[in-house]
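Please look over the sequence and the structure shown here before reading on.

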Amino acid sequence: GRRKVTGAAPQACFELGSHKMGKESKKAADPDAPTREERAELDFIQFKGAGNKLVGEGRWEEAILAYCGAIRVAPLSYSDPGGPAAAVLSNRSLAYLRCGSITAALADADQATKIRPDWSKAHFRRAECFKYWGQWDLAAANYEKGAGLDPSDVDLATMLQDARMRANIASSPEEHILPFEARAGLTVDTVWLARGGGL
């Protein structure tokens, strides 16, 4: 059986998946044709592969449609804990993020973490959404979850450190900015210009 994995998606995504399902129903009468489950698996692989290729080419909107197709035809079991739908949702989250659709990107990242809560990349995707919103405390919390699941990821550890620093600055700018300005040798006469002010 199949079901739609939740997550924001344009109507075109569902039209794409419905088209594939229509072809499948015609082949069901042929006893030599793949079973419904086998056809779903093949379609999922095809859509996912197309999406990955489009991501590699930076064709984000087309990638979103391909991933929508994969999610639309995915077998029910693919959204079970540890299921392969998480990877597609993670990749679609990236594509949405590159298109500036942060809410949709976060919805997919949320669903990916529910399917694979022990996967560092899913938490990384959530962190990236909060980063783009400037919500550094939430970004840091999700980077931390990801880093805890994959301590060998040096880049993730660096992102966590940066997010924590920015979260601290946002929560207490006087405590963090003023000492930095003092160490840089800024005075009351130069600090305004250094902060981006001027006449």
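The protein chain has 10 helices and 0 strands, where helices (H or I, at least four residues) and strands (E, at least two) are DSSP runs numbered from the N terminus. This is a predicted model, in which local features need pLDDT of at least 70, side-chain atom pairs count only at pLDDT 80 or more, and totals for chains, interfaces and linings use all residues. Residues are numbered from 1 along each chain as its sequence is written, and side-chain values use heavy atoms, with hydrogens and water left out.

- Leaving aside neighbours within four places in sequence, Phe-44 is in contact (heavy atoms within 4.5 Å) with residues including Ala-70, Tyr-78 and Val-88.

**Helix α5**
- Helix α5, residues 102-115, reaches 20 Å from its first C-alpha to its last, close to the 20 Å expected at 1.5 Å a residue, the expected span being 1.5 Å times one less than the number of residues.
- Because 10 of its 14 residues are buried, α5 is largely enclosed by the rest of the structure; buried means under 20% relative accessible area, exposed over 50% and partly exposed in between, with a 1.4 Å probe and protein chains only.
- What covers the buried residues of α5 includes α4 (85-98) and α6 (120-133).
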